[in-house]
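Welcome! Let us take a friendly walk through a protein structure and look at a few of its residues one by one.

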Amino acid sequence: MKQQDNMRKFFLLTIIVIAAMLASCAGGKVKYRIGVSQCSDDIWRNKQNAELRMGAYFHDNVELKFAAAYDSDERQVQQIDSLVNDGIDLLIVAPNQVQTISPAIDRAYDKGIPVIIFERKTSSQKYTAFISADNYEMGRVMGEYIVSRLHGEGTVLEIKGLGGSSPAIERHNGFMDAVKDAPGIEVVASLQGDWTEPTAYETTKQWLDNNKDVHIDLVFGANDRTAMGARKTLGAGVLYCGIDGLPGDNGGIQLVRDSLLDASYIYPTHGDQIIELAVSILEGKPYEKETMLMSALVTRDNAKVLQMESEEIMRQADQLDSLHKKADNYLHKLDTQRIINWLAIGIIVLLVVVFVLFYLYHLRKIALQRERVVNTLWNLKPEDVPSISEPTVTVGDSSTSEAAEPRGKSSPTDGSEESDNTDDNEPVAISHFITRFKEVIESRLEDSDVSVEDLASDMNLSRVQLYRKVKAISGSSPVELLRTARLNRAYQLLLTTDKSVSEVAYAVGFTAPSYFTKCFKEEYGMVPGDVRK
């Protein structure tokens, strides 16, 4: 079901991209050029830039131009002036520092260019709209969490963000206002950082060299990278809290989940929302001048769920971004001639359709194989099997000759084995074999040490004979059917009992709950814990 949902999402995104390509070839709409001036280049801003591009995909009349100042006031001023001179229709800017970037923003505003300030504030009122989360509130809530985490008693080292930037100022003020009402909490120092991990590491190391006798219980970093920089200096015996709460590898959510950070605070990027605001301004639609984004505290209690949700969103976004980049490459290369443009669109559509059809065929093939195995073995009812009074087996040696002998339903004790040359194609023989094999597997589900040789022995067959028979009937190996049976039993246990996931894993013969979870997710498209939800 989850694969089908993801497939539908993928197909929808494909249609959107193709529609955008067709519209770009058709032309006729006004092109809005939007300049984006980022004060820095880091994983938070990379995520936001990706969201800005994603939002622009849904407006075929929007063109984005990015610039990153790498924490340099002078560079950002030059970049803003350059964007304005290039004839942009709207400026989106995150000022590096409050005072120094304001004159460049004012110049753009005075030329009639709408300005959206996001994430960081300016000292001027010359802007069209402001959108950000509440940095003061983040600092205050994190301060309250730290007081609670330390039970009102302990020492805290603070490492601030870039001096002069509004988030650093507001987060520090919110934090200090929260801890000042807790007399048992001592802020031993507030060190000046610049948002980067190396600076936090060096700053903390220098402070520690001069304060070796000071005990630290917790470090509050103005962002997650700052907290991690301090961790490299102070080690694992201290609690660390930051702000940003980014998804993905080495993001704040994962760091909290893995206990490298004790807590973080989601600082929303919402580039897509910024684009919607920009388009509303350019098209003369109503908009809010001040927009505050929602954010939330991340602890080990919710980090795992947040990480799972964000990874799925990022995966879908990456697919759309990849498709759009391919479309852009074709359009930029073939934009000189309209006929060639249409040819490029046809090629892209064909490739996408072939890929979708191939993927659907692959999913259907897997589904049919799984359905055949399940229907053949695990849904077979006793009344569907013809009555058998004396099932026959053949007795053979290692030579080429074999002879048939009758035997009862009980297993023979003379060590004889069924031959590959029995009437395996007869419905009665096949039904009897399936029924017997199902009984053998279900009787050994809880045995984690059971092997194919053990199953073959219970069936009075050699390992090779068992493999060939099962493969010929079901298309799967004995090991695959054993795993399928275990997972089916596990699914029922999860639905009908209150056993934990680990208890269910051991109950159906898995030796490691982690491997059980991996197999379960591959089979059902969800982790075991989701069954009861």
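A helix here is a DSSP run, marked H or I, of at least four residues, and helices are numbered from the N terminus. Keep in mind that this is a predicted model.

Next comes phenylalanine 220, found in strand S8, residues 218-221. Beyond its neighbours within four places in sequence, phenylalanine 220 has contacts that include Met142, Ile146, Phe175, Cys241 and Ile243. Isoleucine 146 lies 74 residues away from phenylalanine 220 along the chain, yet their C-alpha atoms are separated by 8.4 Å.

Are these residues buried or exposed?

| Residue | Relative accessibility | Class |
|---|---|---|
| Threonine 204 | 0% | buried |
| Phenylalanine 220 | 1% | buried |
| Cysteine 241 | 0% | buried |
| Cysteine 519 | 4% | buried |

Cysteine 519 counts as buried because its relative accessibility is 4%, and the cut-off is under 20%.

Cysteines bring up one last topic. A disulfide is a covalent bond between the sulfur atoms of two cysteines. How many disulfides are there by the distance rule? A pair of cysteine sulfur atoms must lie within 2.5 Å to count, and the count comes to zero.

Methods. Residues numbered from 1 in each chain as written. Predicted model: local features only at pLDDT ≥ 70, side-chain atom pairs only at ≥ 80, totals over all residues. Heavy atoms only, no water. Buried < 20%, exposed > 50% of the residue type's maximum accessible area, 1.4 Å probe, protein only. Helix = DSSP H or I, 4+ residues; strand = E, 2+ residues; numbered from the N terminus. Contact = heavy atoms within 4.5 Å.
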